[in-house]
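Please look over the model shown here. The report below covers fold, core and surface charge.

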Amino acid sequence: MEWIKCSDKLPDDDDFVLIWPLPDFGVELHVGQYGCFGKKGHGWYAQVYENYSGVEFHPIVVTHWQPVPVPPTE
């Protein structure tokens, strides 16, 4: 799979995709979503597990993305 520049094309809303965020997020390769999450608005989000509140959606800056690969078959 090839990396897609966000400035060229965005994924469908709410699809999980592999993302390449800016280095300030603390990780390089990650799974994220592009969409609208309540009052946070439209944009890129990573799901981060918080000990006391469960899964939180954190806004992030993404430069490239690609579809999640097809899972292996037995």
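## Strands, core and an acidic patch

Tyr45 sits in strand S4. This is a predicted model. Tyr45 has a relative accessibility of 3%, so the residue counts as buried; the cut-off for buried is under 20%. Val62 is 17 residues from Tyr45 in sequence. In space, the C-alpha atoms of Tyr45 and Val62 are 9.0 Å apart.

Val62 also belongs to the largest nonpolar core. That core has nine residues: Cys6, Val17, Ile19, Tyr34, Trp44, Ala46, Ile60, Val62 and Trp65. Three strands, S2 (16-21), S4 (42-50) and S6 (62-67), each supply at least two residues of this core. In soluble globular proteins, nonpolar side chains tend to be buried together.

Now the overall make-up. The protein has six strands and zero helices. The order of elements from the N terminus is β-β-β-β-β-β. The protein has 74 residues, and 26% of them count as buried.

The surface carries a patch of negative charge. Asp12, Asp13, Asp14 and Asp15 gather there. Asp14 lies in the loop between strand S1 (4-5) and S2. With a relative accessibility of 42%, Asp14 counts as partly exposed, because that class runs between 20% and 50%.

The two residues with stated accessibility are set out here.

| Residue | Relative accessibility | Class |
|---|---|---|
| Tyr45 | 3% | buried |
| Asp14 | 42% | partly exposed |

Technical notes. Residues are numbered from 1 along each chain as its sequence is written. This is a predicted model: local features need pLDDT of at least 70, side-chain atom pairs count only at pLDDT 80 or more; totals for chains, interfaces and linings use all residues. Side-chain values use heavy atoms; hydrogens and water are left out. A nonpolar core is a set of buried Ala, Val, Leu, Ile, Met, Phe, Trp, Tyr and Cys residues joined through side-chain atoms within 4.5 Å. Buried means under 20% relative accessible area, exposed over 50%, partly exposed in between (1.4 Å probe, protein chains only). Helices (H or I, at least four residues) and strands (E, at least two) are DSSP runs, numbered from the N terminus. Patches are made of residues with over 30% relative accessible area and no salt bridge: like charges are joined within 9 Å, nonpolar side chains (Val, Leu, Ile, Met, Phe, Trp, Tyr) within 5 Å. Accessible areas come from the Shrake-Rupley method with a 1.4 Å probe; for residues, only the protein chains shown count as cover. A salt bridge is a side-chain nitrogen of Lys or Arg within 4 Å of a carboxyl oxygen of Asp or Glu. Lys and Arg count as positive and Asp and Glu as negative; His and the chain ends are not counted. The place of a charge is taken as NZ of Lys, CZ of Arg, CG of Asp or CD of Glu.
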